[in-house]
Amino acid sequence: MSLEKITLRLSGLNCAVCASRVEDTLKGMSGVEDAAVNFAASIAVVHYDPETVDVQQMIDAIKAQGYGAEPAEVTSGPAVAVMGIEGMSCVNCANRIEKALSEMHGVTDAAVNFAASRAIVHFNPAEVQPDDLKQVVTDSGYSVASLDISGDGTSAEPAGPSAPGIDRELLDLKRRLLTGVILAVPVFVFSMPGLFPFVKGISWTLRAFLLLSFALPVQFYVGWPFLKNAWIAARHGSADMNTLVAVGTLSAFFYSLFITLFPGIFTAAGLPLHLYYDSASMIIVFVLLGRWLERRARDQAAGAITRLLTLTPATATVIRGGEEKEVPVSEIRVGESVRVGPSQAFPVDGTVLDGETEVDESMLTGESAAVRKASGDVVIAGTLNQWGAVTIRAEKVGSDTVIAEIVRVVQEAQGSKAAIQRLADRVASVFVPVVITAAIIAGAIWYFSGPEPRITNALVTFVTVMVIACPCAMGLATPAAVMAGTGRGAEEGILIKDARAVEQGADTSVVVFDKTGTLTYGKPVVTDVVVSESGGSDGAGSLERLDILRLAGAVEALSEHPLAEAVAAGALKAGAEFPKVSEFKSFPGRGVNARAGEYQVAVGTRVFIEESGIDTAAFEDAAERLSSQGKTVIWVAVDGRAAGVMALADSVRKEASQAVSRLKAMGISVMMLTGDNAATAGAVAERLGLDGFEAQVLPAEKASHIKRLQEQGRRVAMVGDGVNDAPALVQADVGIAMGTGTDIAMDAADIGLMREDLMAVPQALELVRATLRIIKQNLFWAFAYNTLAIPVAAGVLYPIWGIRLSPVFAAAAMAMSSVTVVSNALRLRYMDR
């Protein structure tokens, strides 16, 4: 069975119970292997067998539960097309066009307005091009008079597919909240004659009907989302947070309504005429306030994706037919030449064809220093061209760009579930029925055993218990922290690929580094130059260090061998100026000789030099000393005499020592695996202060060394380049792959580092540690709050201290509990680098 993965964007989730219901629905479908619903991110990640079940069936199943769902596409930015259409004569024409556009793959929404002769189409520019939209309209028998594209998803009409639902919901919440506040103020005033003496001058009957007139719209307009979703849950035989709020407020409202309409029944029974319109209204307002604050905080936690999507410009200058044309980014094709001026962001991934500049890549790598770019260098969409005008060739566009890949990785990470979340999910799934049962029991105890007036005390207790419970805090505890942590990581060039990496990485006890290309730069450089000490007055004996570099570099510059390139680069770096070279001859695997200026020069192995009849005894000690340090020794002869030796080595990264020290300060052991000889490995290990190393290890053997450490009970993180180290990265508890910004999607790794900076390794582990710490704090708070709040709401403190909670205070506490959890998670956005 070949499984596929789909990410669905959900709508209508109001609490953790809703998320649990959707997850159970998906898991119960034939062909679905696994499903994880993230309440905080409002997404579901589903692994399924496409031969057994398709995406539309999953969407239909979710909709049958009363929620919305659609595939979540990763693009370089949502796009909106506004088309002026000619030829429509009736509403049926508009409907026909709308249906044709809606059925296009990559179109997420289409609306055609007959009266305005306009179509608004939300689409994924990676899958649909504007010309394709125009063609569909033409094929339907109509013509497109105008076409405007909004590449960032903004428009006078509703926005694009990733943000619109959230924006509309926030707008609706805000509208209802403001209405609720305005109406709740007079409800509160007329309910408190002790605080507002003028109220005492109003008759009870008039005051009751005034309260009813203000409370009625609060209950059934402001509180409508709770009532609607509670009804949807009831239709499916379940209950959620909306059920608690709806039942609690309706109980208080209808009890008060009954007293308002039939006060004589209560006075005849000797019962006080207590109205609870204020409780019902204030509960709704406080809970709605909490939901609005929570939603804003959740959007902030997921804000990294939004910020990444806004990095790419809406339009770009493309060279077509020798002319520069400004076109929407969505219309750029692979292979086209794109002109990017100073202070402009690159619209696509590409290769510099012409010009030089420096590029600010901090928004992707977290590295503040600008990177110089010239012909042949790679540039990434969303990075900022600082000062030079350059022309690039478009290599990757739309969903193929690095920034789109980053968004995809972060979205999947935010949709994954940590093992620690399973307990919270299990509790949340049974939480609401338990709370309802507890509220009924508490109310019954107060009714049968409590002080007078029993019926009102029982009602107040029942409502208080119902509204103080907060399953949302438990449901948000883990995903909110994962969202904030992965978002912060993306901004720092650290891609955490799933929630498992957070848990595993936080417990890391040993970090194992690959040497070549990880602890070192992976390129040989000249480290030592030893010249003749004979002090002769002619020939090779009179040459200085720079002379050796100058002559050897000039000759080696004509060779294609990697070591020769390193020698030439080292000479240039030292300031050498190369003389004219002639009579060049190469002897593969041995060396080269040529005439450099006035000198005859030979560069190569000791054997190559000795084969020319040259005595090498003067440099034997120096050569052995350098070889014992694991360096490669190259011999240089000038005019038939040994003139010196040069040592080359793969140099250690400048930040390696600091990174190792920081890891050790975190209590983590640091080791190294390498295929190099023991001498070379030992020299690197001693220089960096490593806790151990293994030398002469083949790539296929690295995984077994990782496994051996794991068998000792150690939690291992492996850091490598993601290619030769793939088996070890998979074997490790946490695989960390170092990248250059273009190879971030290495499947073997759990964490991808977008910059070649070893300091990103301790930063990544510090981030996952902080994320797990926040998760544990959130879970403790959520469980502690509900464990303590429900008994207090039930009145356990009343027999001892006479303390009872007001339903209004309970609603405020419940609203703030989930806000507290998300706000705590947001601290990850501001942790020190």
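Modeller: Pro 453 sits in the loop between helix H14 (419–449) and helix H15 (454–468). Keep in mind that this is a predicted model.

Colleague: What makes the peptide bond between Glu 452 and Pro 453 cis?

Modeller: Omega is about -5° for the bond that joins Glu 452 and Pro 453. Most peptide bonds are trans.

Colleague: Why is Ser 343 called exposed?

Modeller: The cut-off for exposed is over 50% relative accessible area. Ser 343 has 59%, so it counts as exposed.

Colleague: What is the phi of Gln 696?

Modeller: Phi of Gln 696 is near 50°, which is positive, and the residue is not glycine. Gln 696 lies in the loop between strand S27 (692–694) and helix H25 (702–711).

Colleague: Now the rings. How many aromatic pairs does a search of the whole structure find?

Modeller: The search finds 14 aromatic pairs. One of them is formed by Phe 190 and Phe 214.

Colleague: Why is the pair of Phe 190 and Phe 214 called stacked?

Modeller: Two values settle it. The centres must lie within 6.5 Å, and here they are 6.3 Å apart. Planes under 30 degrees apart count as stacked, and here the angle is 20°.

Colleague: What parts does the pair of Phe 190 and Phe 214 tie together?

Modeller: Phe 190 lies in helix H5 (residues 164–191), and Phe 214 lies in helix H6 (residues 204–222). The pair therefore ties together parts that are 24 residues apart in sequence.

Colleague: Is Phe 190 buried or exposed?

Modeller: Buried. Its relative accessibility is 13%, and the cut-off is under 20%. Phe 214 stands at 25%, so it counts as partly exposed.

Colleague: What makes the pair of Phe 258 and Phe 262 tilted?

Modeller: The planes stand at 50°. Phe 258 is partly exposed at 37%, and Phe 262 is partly exposed at 40%.

Colleague: Which residues do ring pairs link into a cluster?

Modeller: Tyr 255, Phe 258, Phe 262, Phe 266 and Tyr 276.

Colleague: How do you know that the charged end of Arg 176 sits over the ring of Tyr 221?

Modeller: The charged end is 4.7 Å from the ring centre, and the distance limit is 6 Å. The direction must also be within 35 degrees of the ring normal. Arg 804 likewise lies over the face of Trp 446, at 4.2 Å from the ring centre.

Colleague: Why is strand S29 (residues 734–738) called mostly covered?

Modeller: 5 of its 5 residues are buried. Val 734, Ile 736 and Met 738 point one way, while Gly 735 and Ala 737 point the other way. In a regular strand the side chains alternate between the two faces of the sheet.

Colleague: How do you know that S29 pairs with strand S28 (residues 716–720)?

Modeller: Pairing needs at least two bridges. S28 and S29 have 4, in the parallel sense. Val 719 stands opposite Ile 736 in S29. On to strand S30 (residues 751–753): 3 bridges join S29 to S30, and these run parallel. Here Ala 737 stands opposite Gly 752.

Colleague: What makes S10 and S15 edge strands?

Modeller: First, the sheet itself. It is open, has 6 strands in the order S10-S9-S11-S17-S12-S15, and its pairing is antiparallel. Strand S10 (323–328) and strand S15 (378–379) each pair on one side only. Within this sheet, strand S11 (residues 337–340) and strand S17 (residues 390–396) pair over 4 bridges. There, Arg 339 has Thr 391 as its bridge partner.

Colleague: Which residues of helix H4 (residues 130–139) are buried?

Modeller: Pro 130, Leu 133, Val 136 and Val 137. They cover an arc of only 120° around the axis, which puts them on the same side of H4. An α-helix has 3.6 residues a turn, so residues three or four places apart point the same way. Gly 141 follows H4, and its phi is positive, near 100°.

Definitions and conventions: Residues numbered from 1 in each chain as written. Predicted model: local features only at pLDDT ≥ 70, side-chain atom pairs only at ≥ 80, totals over all residues. Heavy atoms only, no water. Phe/Tyr/Trp six-rings, centres within 6.5 Å; stacked < 30°, edge-to-face > 60°. Helix = DSSP H or I, 4+ residues; strand = E, 2+ residues; numbered from the N terminus. Buried < 20%, exposed > 50% of the residue type's maximum accessible area, 1.4 Å probe, protein only. Arc of directions from axis to C-beta.
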